[in-house]
Amino acid sequence: MQPTILIPQHWGYPRFALDQRTKDGIILGFYYYPNGTELAEQFGGGWRYALMPNKNSDELFHFEENQIKPLSPQELFSQITAEIELYQQQIATLQQQLAVVTGGFTNA
């Protein structure tokens, strides 16, 4: 069963999704300042997003919805392809280490 998040209809739907890659980083969370509240009056109403610049970062940045720049399909393809290649290299290295440990015998 998929987790479900309920958003009140009068809030509008967020433009970006959790774990979505953007030019500013990966979306880790989002929150909403409803119109008519003190936070909305102080900072402006609408969706806000928490982004981590990259997977190895310990920084977290907060953006308004209109400040986030989505990746183009080509940029997204390049990022994912590079990540796949990195993981394939890591797998090959681990397979070599496993072959040394087992003397070349594996159940694969």
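**Exercise 1.** Which residues make up the largest nonpolar core?

*Solution.* A quick note before we start: this is a predicted model, where local features need pLDDT of at least 70, side-chain atom pairs count only at pLDDT 80 or more, and totals for chains, interfaces and linings use all residues. Numbering runs from 1 along each chain as its sequence is written, and side-chain values use heavy atoms, with hydrogens and water left out.

Step 1: know the term. A nonpolar core is a set of buried Ala, Val, Leu, Ile, Met, Phe, Trp, Tyr and Cys residues joined through side-chain atoms within 4.5 Å; buried means under 20% relative accessible area, exposed over 50%, partly exposed in between (1.4 Å probe, protein chains only).

Step 2: list the members. The 8 residues are Phe16, Ile27, Tyr32, Trp47, Tyr49, Leu51, Phe63 and Ile68.

Step 3: see who supplies them. β2 (25-33) and β3 each bring at least two residues, and β3 gives the most, with 3. Strands are DSSP runs of E, at least two residues, and helices runs of H or I, at least four, numbered from the N terminus.

**Exercise 2.** Work out how tyrosine 49 sits in the fold.

*Solution.* Step 1: find its place. Tyrosine 49 lies in strand β3 (residues 46-52).

Step 2: check the cover. Tyrosine 49 counts as buried because its relative accessibility is 0%.

Step 3: look at its partners. Beyond four places in sequence, tyrosine 49 is in contact (heavy atoms within 4.5 Å) with residues including Pro14, Phe16, Phe61 and Ile68.

Step 4: look for polar atoms. A polar atom of the tyrosine 49 side chain lies 3.1 Å from the backbone nitrogen of arginine 15.

How values were computed: A polar contact is a pair of N or O atoms within 3.5 Å; within protein, one must be able to donate a hydrogen and the other to accept it, and residues adjacent in sequence count only if both atoms are side-chain atoms.
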